[in-house]
Amino acid sequence: YERATKSKHIQYINGLYPLVYWLTNFVWDLLNYLLPSACVIVILRLFDVPAYVEGENFLAVISLFLMYGWAIIPVMYPFSFKFTEPSNAYIFLIVINLFSGITCIYTSFFLEIFALGSPATSSLSVFTRTIKKIFKIFPNYCLGRGLIDIAYNVSF
């Protein structure tokens, strides 16, 4: 929004260093991200979801949500240069994040299920491991897959 209305340009003209501008934006965005992530963590604790709150899993979930914030915010900044209308950027980013996250998580999950019966050296197992490594470039995949893996590691 600031770029589209030229307020960022005015700040630069008045002597604001780009590093300071982007660093303060990042800190502000991170603080805004911490509120909903803290709410999710509190809800998991209040409802006592065993897969996510027992033992070391609770610290892992907190770490996962914090790292997701650090990862997703800088990934979104380059997209700001593509749009002139903030609402279009917001809708586009929501759709892309949902699509990439859900598609990558489901793909890796189903490939893992299909590869269960095959030996570790089979082409499907190798493909599954490779695709999971490639998907790690998407922070949404990392968050979803991390939550799935934490749930799998629970011993009841």
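This is a predicted model: local features need pLDDT of at least 70, side-chain atom pairs count only at pLDDT 80 or more; totals for chains, interfaces and linings use all residues.

**Helices α2 and α4**

- Start with helix α2, which covers residues 18-46, and helix α4, which covers residues 57-76. Their axes come within 10 Å and cross at roughly 150 degrees.
- An angle over 145 degrees counts as roughly antiparallel, so that is the label for α2 and α4.
- As for handedness, α2 passes α4 in a right-handed crossing.
- On the α2 side, the residues that meet α4 are Phe26, Asp29, Leu30, Tyr33, Leu34, Ser37, Val40, Ile41, Leu44 and Arg45.
- Facing them from α4 are Phe58, Val61, Ile62, Phe65, Leu66, Tyr68, Gly69, Trp70, Ile73 and Pro74.
- Sort the residues of this α2 and α4 contact by class and you get 16 nonpolar, 2 polar and 2 charged.

**Helices α5 and α7**

- Next up are α5 and α7, whose axes sit 8 Å apart and pack at an angle of about 40 degrees. That angle makes α5 oblique to α7.
- Here, too, there is a right-handed crossing as α5 passes α7.
- From α5, the contact takes in Asn97, Ser100, Gly101, Cys104, Ile105, Ser108, Phe109 and Glu112.
- From α7, the partners are Asn140, Tyr141, Gly144, Arg145, Ile148 and Tyr152.

**Salt bridges**

- How many salt bridges are there? The count comes to 3.
- One of them pairs the side chains of Glu112 and Lys132, with N and O 2.5 Å apart. Glu112 lies in helix α5 (residues 86-114) and Lys132 in helix α6 (residues 123-135), so this pair ties together parts that are 20 residues apart in sequence.
- Glu112 also forms a salt bridge with Arg145, and the closest N and O atoms are 2.5 Å apart there. This pair links distant parts of the chain, with Glu112 in helix α5 and Arg145 in helix α7 (residues 139-152), 33 residues apart.
- Arg145 makes a salt bridge with Asp149 as well, at 3.3 Å from N to O. Arg145 and Asp149 are both in helix α7 and 4 residues apart, so about one helical turn separates them.

**Buried or exposed?**

- Is Arg145 buried or exposed? Arg145 is buried, with a relative accessible area of 4%, and the cut-off for buried is under 20%.
- Glu112 counts as partly exposed at 25% relative accessibility.
- Asp149 is partly exposed too, with a relative accessible area of 32%.

- Which residue has a positive phi although it is not a glycine? Asp48 does, with a value of about 50 degrees.
- Look for Asp48 in the loop between α2 and α3, the latter being residues 50-53.

Notes:
Residues are numbered from 1 along each chain as its sequence is written. Side-chain values use heavy atoms; hydrogens and water are left out. Axes are lines fitted to C-alpha atoms, for helices over the stretch in contact, and angles run from 0 to 180 degrees between N-to-C directions. Helices (H or I, at least four residues) and strands (E, at least two) are DSSP runs, numbered from the N terminus. Angles under 35 degrees count as roughly parallel, over 145 as roughly antiparallel, 65 to 115 as roughly perpendicular and the rest as oblique. A crossing is left-handed if the near helix is turned anticlockwise from the far one by less than a right angle, and right-handed if clockwise. Contact means heavy atoms within 4.5 Å. Ala, Val, Leu, Ile, Met, Phe, Trp, Tyr, Cys and Pro count as nonpolar, Asp, Glu, Lys and Arg as charged, and the others, Gly among them, as polar. A salt bridge is a side-chain nitrogen of Lys or Arg within 4 Å of a carboxyl oxygen of Asp or Glu. Buried means under 20% relative accessible area, exposed over 50%, partly exposed in between (1.4 Å probe, protein chains only).
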